[in-house]
Amino acid sequence: MSITRDEVAHLARLSRLALGEEELDHFAAQLDVIIGAVARVQEVTAEDIPPTSHALPLTNVFRPDEERPCLTPEQALSGAPAAEEQRFRVPRILEEDS
Amino acid sequence: MSGELVRRTAAELGELIASGEASAVEVAEAHLDRIAAVDGDVKAFLHVDRELVLEQARKVDARRARGDRLGPLAGVPVAHKDVFTTEDMPTTCGSKILEGWRPPYDATVTARLRAAGLVILGKTNMDEFAMGSSTENSAFGPTHNPWDLTRVPGGSSGGSSAAVAAYEAPLGTGTDTGGSIRQPASVTGIVGCKPTYGGSSRYGVIAFASSLDTPGPFGRTVLDAALLHDAFSGHDPCDSTSIDRPVPPVVEAARRADVAGLRVGVVKEFAGEGYQPGVLARYTEAVELLESLGAKVAEISCPHFTYALPAYYLIAPSECSSNLARFDAMRYGLRVGDDGTRSAEEVMALTRAAGFGAEVKRRIMLGTYALSSGYYDAYYGKAQQVRTLISRDFDAAFEQVDVLVSPTTPTTAFPIGERADDPMAMYLADLCTIPSDLAGNAAISVPCGLAGEDNLPVGLQIMAPVLGDDRVYRVGAAVEKALHDRWGGPLLTEAPEL
Amino acid sequence: MTTTLLPYDEAMAKYEPVLGIETHVELGTTTKMFCGCPTTFGAPPNTQVCPVCLGLPGSLPVTNRAAIEGIIKIGLALNCTIVEWCRFARKNYFYPDMPKNFQISQYDEPLCVDGYLDVEVDGRTYRVEIERVHMEEDTGKSLHIGGRTGRIHGADYSLVDYNRAGIPLVEIVTKPIVATGERAPLVARAYATELRELVRALGVSDVRMEEGSMRCDVNVSLMPRGSAEWGIRTETKNVNSLRSVERAVRHEIERQAAVLDGGDRVTQETRHFHEESGETTSGRSKEEAQDYRYFPEPDLVPLAPEREWVERLRASLPELPAARRARVQAEWGLSDKELQDVVNAGALDLIEETIAAGADPTAARKWWMNELSRHANEQGEELAALPITAEQVARIQAMVVAGELNHKLARQVFEGVLAGEGTPDEVVAAHGLKIVSDAGELEAVVDQVIADNPDAADKVRGGKIAAAGALVGAVMKATRGQADAARARELILKKLTS
């Protein structure tokens, strides 16, 4: 067992996925198998191998500090599930900003 | 005439339109008719707006009438994967969470298709957020393989591969993250290329795994794929990871089509157990063919390639868990459960649970796990080390050979439903394609025959170093030419009539 | 709910505070960190947004070169090492004002490390060590609707404006600040003040705390005197003025001391400072500890600032506040106290400009620190906001030096200019404010005054020179202040004693 159901429930909360009990059971079993399989990467253990985060070794890509056209507020809000006073209307927020 | 037009290659259609032998509108109508006739069975397209298609075609005809010089693909229709944003068409990425979303901007690839005069026929089906190898993960139902409608067309770009294989479009766009262009090309008997990472722009490509996603072309011939590759690739200042260099001369390479004196490495690790015998038979013949064409063939060991799959299934989900966090019901897309009493947090979680399919949820949770404090080093960190080792394997190999070859995918198209709830079995479809995604180098899949067991297409994968895109087209075109000579025409002519 | 506090002196007798300050500075670049949207403060909602800063699917960030130059300047001014290679990282957490639900920031590879900033409190210098300076992006802003006070708790829903999202933000993190004893709140304030001056001098931000372009989070912990083990710390957010920095530290010391005295443990938590009450309250404690799942940002390539570039930026740094103060103190011959007063009054720039316009340092300082400071205080204005320029102050002083105005007349000219009556010369002309310098006219007045004040005149004649003051006063009165007092005194003494 590489991952417990409780851990999967925690992952679901962390990922903002409201999963039902059955779904949790199902995913827990599948993730257990998958994590067991991907853990093979740990067989390659040499400490001195640098990690690769980017496929190519590019550095220092910048743009000049010049204005580009913005969207209109209408375009910006065009996909909004709800809008009010030219702002995105969202349900009440429980937690303070971290 | 219209029946014939859809059988033409993109290169031919471009010439017909440029010379005035056919109008762009005629070509568009022929393809729209074909879509109307067969897409009910194939289900390659999620969205086709006939009037919008004709409007684009009329513009090309008007330009020609004005005396403008048209590019080689002006007026040629293209099937556009629904992963690219389009201002004038919905963009869903195969997900319910984006159903009906109209982006206020065009992807760079979309803009370049338009600039080159290509006529976008519509948006093609795909595995949700490009996660899958079968298009079964689309929220809008699976696409069917034109060779056998009970089978998958590969994925995630299965809508585009099926559309091209079914003569609904001569060209298609795709994105390759773990094999999402090459594997569907392989199982539908067409050509699909993953360019060098950074060779084609990701701006406006709805991200799956940012460090891997690479837009690329589908065509029924190597030359067609090269023409499309050339049309939309090249540096884009809106994508920081885009390479600021000229596009490798892929069209010239596709026309050159010779391998004399070229050193070809056969990847030792990609054969044997787990590979369908018919796939291995066609693959072996293709290697022999290369040798007969004057290539020097050697077996090359890439010992870490077997770790590519586990590394990929840590890196890609990690990145996707972050990339897909933005789908939260606040600014666009689906919102579920907002009854005035629930909090934003609850609405986010309900929406994401309702709007994402099972595979997307699995990968989000897998990636969240791999990045969590306490697990990062053991999973994501190790996977990044494997990524280094794979690049080193490629570097060592390319000191000895000019290109590497392998089967594109271990099996032919599998039946719809067979692997739907068996993620590990599904993941194996990308076994041979993943190393080039991790290393960022160029790779192509070209048809190399039908497997004896099931008469379904088999693909040969050709891999070249970073920015060696022209080399994969050159070798691919040589193989294609020799096989067409042997078969008396393209492999697709063997496909059953729809 | 009332908070128990231990009186400050009592707290200090028992505990030693350890501070840490995290400061966010919004850079004053023309455009945002990763897109070309403008950064103007106070624009109508959602008018300064694009696909990138709205986090729309498919959009990608591209780094603003000017922002990187800004942070490097800050790093250099804080005596930091600018690293040779570093990456951006994604900080993952869900929050509606964060369009992508991750913030592009830096994690274990900040751009600038290991610096310091010296600050002075009551004549003693404290070296505040800087742990790191890193680059990140700002979030949008929410309006909370319904409920009581527009605060987040009890609101019915919220409205989000993303104009601020993506504005470049530099975070400056100190190492633990120790051994400040009872001066801890003052050291914290002095650090914030000095940092603000420094950043303002660099010209990379307007550092307006009231507009949120500089924001401080203050960490405080207490350890019992004599103990070497640090206590549990709290992080107080929303500290939005220099005064609040001092108050927040003081309040946390008193509060934590009371907690510890009561035998309880301090809770490690985020607290919020309230400007009106000067108190901190606990942030909502979260069900689960935050796990930000940082990983290298795949959409941005690493930063590797060339040494030559860094040195060019170093050479371009203006004179920094500490060096400038030392120079000014020597050049103007000021005591520590006088210098401190000038700095606190925000008069340094104004006095320097006045000197540059021709005034001598002593006169320039006296006008700004006396006459004009008094006026500013009465008006409740900043000195710099007064409707008078340094050039005008210098002009008035020039007239004094030339003997055209005495101090009393000069004050009248200041009043006229401040009242908007025009330039110094215009005010002088309009009010006829010229010293009576005509010798005959003055002599006639002196004769009349001597005649009118025989007692005083006799005293002077009798050798009581001091009595001449009354006669000079009478001359000034008779001329409505327009006589040259020194000249009048000279004349009186000449007439009565020779």
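Which residues in α16(C) are buried? I will answer that after some ground rules. This is a predicted model, in which local features need pLDDT of at least 70, side-chain atom pairs count only at pLDDT 80 or more, and totals for chains, interfaces and linings use all residues. Residues are numbered from 1 along each chain as its sequence is written, and chains are lettered from A and ligands numbered from 1 in the order in which they are written.

Now the helix. Helices here are DSSP runs (H or I, at least four residues), strands are runs of E with at least two, and both are numbered from the N terminus. The buried residues of α16(C) are C:A488, C:L491, C:I492 and C:L496. Buried means that 20 or more other C-beta atoms, placed from the backbone, lie within 10 Å of the residue's own; exposed means 12 or fewer, and partly exposed is in between. Down the axis of α16(C), the buried residues fall within an arc of 115°, so they line one face of the helix. That arc is taken from the directions from the helix axis to the C-beta atoms. An α-helix has 3.6 residues a turn, so residues three or four places apart point the same way. On the other side of α16(C), C:A486, C:K494 and C:T497 are exposed. The cover over the buried residues includes α13, α14 and α15 of chain C.

Next, the sheet. In chain C, three strands form an open antiparallel sheet, ordered β5-β4-β15. β5 and β15 of chain C stand at the edges with a single partner strand each, so one side of each is left without a neighbour in the sheet. Strands count as paired if DSSP finds at least two bridges between them. β4 of chain C is joined to β5(C) by four bridges, and C:A89 stands opposite C:S105.

Last, the chain contacts. Two residues are in contact if their C-beta atoms, placed from the backbone, lie within 7 Å. Between chains C and A, the contact takes 48 residues from chain C and 35 residues from chain A. On the chain C side, β9(C) gives the largest share, five residues. Strand β1 of chain A also runs parallel to β2(C), with two bridges between them; A:R63 has C:N64 as its bridge partner.

Between chains B and A, the contact takes 57 residues from chain B and 44 residues from chain A. α14(B) gives the most to the chain B side, with eleven residues.
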